[in-house]
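Me: Hi! I have a structure open and would like to walk through it with you. Can we start with the overall layout?

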Amino acid sequence: MTNILEQIDFDKGLGLVPAIIQDAKTLQVLMLGYMSKDSVEKTLNTQKVTFYSRSRQKLWTKGETSGHTLNLVSLEIDCDNDTLLVKANPIGPTCHEGTTSCFGNGGADGVGFLGYLDTLIKNRVGTSPEDSYTAKLLSGPLRRAAQKVGEEGVETALAAVAEDNAALLGESADLLYHLIVLLRAKGLSLNDAIEILQSRHK
C-alpha cells in the first residue's frame, strides 16, 4: 500500500488526481472522481472506493448515504503517475440519477455485455423456475443445461458449414448464453473460464 501511495504524483493536481472508475466485470466506465492521498489510503484500507469532494472539501465514500457502494477490486496508476484506474464491483447504480453509469443510460456493451449477462444469470440462481427460462434451466437437472450447450454447439457448427452468417450469429449467441448458464449451474462463472484463457496466453 505504501509503495502505491509513493508512486502517485499528487503534486501535479495540487494534491488531487483524477480516478476513472470501471466496472470490474463488464469494464464499463462508471464515473470519474478525484482522489487525495488520504482518500486513496482509505480506499485501500476499507476496500470501499473513497473520493475527495472538491465542492465539500472533504473525503466521501461512494454510497455512504445511498448504500450504492463501489467495492474495490484493483487500483492502477497510469504511465505519468498522475491518473488512477480503479476497477470495482458496484452495488446498485453508480450515478446519483439512478443510472448504472454517470455517462448515460446505456449499459455495458460489446464484450462487456457478457459480464453483465453472467451477473444477471447468477442472480437467477435460486429463483422460482416459473419466473424465467433461465431459472428453470438452473433449477432443473444439470444434464438438461449440459444438453442445451451440446445442442447449440452442433447448431452453431451446422450454421457455419451452411455458410449462413445470420444463423451462425444467432446460434453463437444461443451457445454463449447456454454456456454461461451451465457454468453458473455448476457454481462457476464466465470469469473463471476467462482466467483459464488468460493463463494460457501468458
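This is a predicted model: local features need pLDDT of at least 70, side-chain atom pairs count only at pLDDT 80 or more; totals for chains, interfaces and linings use all residues.

Me: Now the surface. Which residues form a nonpolar patch there?
Reply: That patch is made of I20, V29, L32 and F103. Together they have about 350 Å² of accessible area.

Me: Where is F103 found?
Reply: F103 sits in the loop between β6 (84-90) and α3 (112-122).

Me: And is F103 buried or exposed?
Reply: F103 counts as exposed because its relative accessible area is 58%, and the cut-off for exposed is over 50%.

Me: What does the UniProt annotation say for residues 31-103?
Reply: The unreviewed UniProt entry annotates that span as "domain: Phosphoribosyl-AMP cyclohydrolase". In the model, the end C-alpha atoms of residues 31-103 lie 7 Å apart, and the span is 14% helix and 38% strand.

Me: Switching topic: which helix does D192 lie in?
Reply: D192 is in helix α7, which covers residues 190-201. It is partly exposed, with a relative accessible area of 33%.

Me: What lies 2.9 Å from a polar atom of the D192 side chain?
Reply: That would be the backbone nitrogen of S189.

Me: Last one: how many Å separate the C-alpha atoms of D192 and G110?
Reply: They are separated by 19 Å, with the two residues 82 residues apart along the chain.

Notes:
Residues are numbered from 1 along each chain as its sequence is written. Side-chain values use heavy atoms; hydrogens and water are left out. Patches are made of residues with over 30% relative accessible area and no salt bridge: like charges are joined within 9 Å, nonpolar side chains (Val, Leu, Ile, Met, Phe, Trp, Tyr) within 5 Å. Accessible areas come from the Shrake-Rupley method with a 1.4 Å probe; for residues, only the protein chains shown count as cover. A salt bridge is a side-chain nitrogen of Lys or Arg within 4 Å of a carboxyl oxygen of Asp or Glu. Helices (H or I, at least four residues) and strands (E, at least two) are DSSP runs, numbered from the N terminus. Buried means under 20% relative accessible area, exposed over 50%, partly exposed in between (1.4 Å probe, protein chains only). UniProt positions are given in the numbering used here, feature names are shortened, and annotations may be inferred rather than shown by experiment. A polar contact is a pair of N or O atoms within 3.5 Å; within protein, one must be able to donate a hydrogen and the other to accept it, and residues adjacent in sequence count only if both atoms are side-chain atoms.
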